[in-house]
Amino acid sequence: GITFMNNIGLTTQVPNIYEIMTNKESTRVRKVKIENQELVLRKARVKITKDNYITLQFLEFINSTCIEFLFNNKEKISKYYFNNVDKNQIIKYMTEYPSKTIKNLYLFSNQSTSP
C-alpha cells in the first residue's frame, strides 16, 4: 500500500490506516483498532518468511496497482524490481495471485529495461 510506495519513493504520503499481511490471520481481511490506530489485517496468500517477504510485498503492490501507475512510475519501480526482487520467487508464487497481477507484471516487465 501507501507505506510500500513511500518506502520506494513513489509518494510522500503516509498511510492513515496501516495494512499488515500476516501468516497468523485466518480471515481474508479484518479491521482492528488498537488504542486510536486502525489496522487492516490480511491473510497471506502464501507463507511469509524472511526470505520471500520482499517478493511477496512487490507482488501485492503489483496486484493493487493499475498498469497506468506502473508505466508512469516505471523508472523507480524498475530500479526497485531489478535490485531487490527475486525473479525465481516471482515464478514460484505467481500462481497464487490473480491473473490481473500476472498480466500487469508481464506488461510492465516487457516495457522495463534494467537500469
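**Salt bridges, core and surface**

Arg30 is partly exposed, with a relative accessible area of 37%; buried means under 20%, exposed over 50%, and partly exposed in between (1.4 Å probe, protein chains only). Arg30 forms a salt bridge with Glu25, with 2.9 Å between the closest N and O atoms. This is a predicted model: local features need pLDDT of at least 70, side-chain atom pairs count only at pLDDT 80 or more, and totals for chains, interfaces and linings use all residues. Residues are numbered from 1 along each chain as its sequence is written, and side-chain values use heavy atoms, leaving out hydrogens and water.

**Salt bridges**

- The count comes to three salt bridges, each a side-chain nitrogen of Lys or Arg within 4 Å of a carboxyl oxygen of Asp or Glu.
- Glu25, the partner of Arg30, is buried at 7% relative accessible area.
- Arg42 pairs with Glu19, the closest N and O atoms being 2.9 Å apart. This pair links distant parts of the chain, from strand E3 to strand E1 (residues 18-22), 23 residues apart. Arg42 is partly exposed, at 28%.
- Arg45 pairs with Glu60, the closest N and O atoms being 2.8 Å apart. Arg45 sits in the loop between E3 and H2, Glu60 in helix H2, 15 residues apart. Arg45 is partly exposed at 34%, whereas Glu60 is buried at 19%.

**Strands and loop**

- Helices (H or I, at least four residues) and strands (E, at least two) are DSSP runs, numbered from the N terminus.
- Strands E2 (residues 29-34) and E3 run antiparallel, joined by six bridges; pairing requires at least two DSSP bridges.
- Lys31 stands opposite Val40 in E3.
- The hairpin of E2 and E3 has two residues between the strands, and Glu35 takes a positive phi near 55 degrees there.
- Asn52 lies in the loop between strand E3 (37-43) and H2. Asn52 is buried, at 1%. Its contacts (heavy atoms within 4.5 Å) include Lys47, Gln89 and Tyr93, not counting residues up to four places away in sequence.

**Nonpolar core**

- The largest nonpolar core has 21 residues. Such a core is a set of buried Ala, Val, Leu, Ile, Met, Phe, Trp, Tyr and Cys residues joined through side-chain atoms within 4.5 Å.
- Phe58, Phe61, Leu70, Ile77 and Leu105 have the most contacts inside this core.
- H2 gives the most to this core, with five residues.
- Phe61 touches Phe4, Met5, Leu10, Phe69, Leu70 and Ile77, not counting residues up to four places away in sequence.
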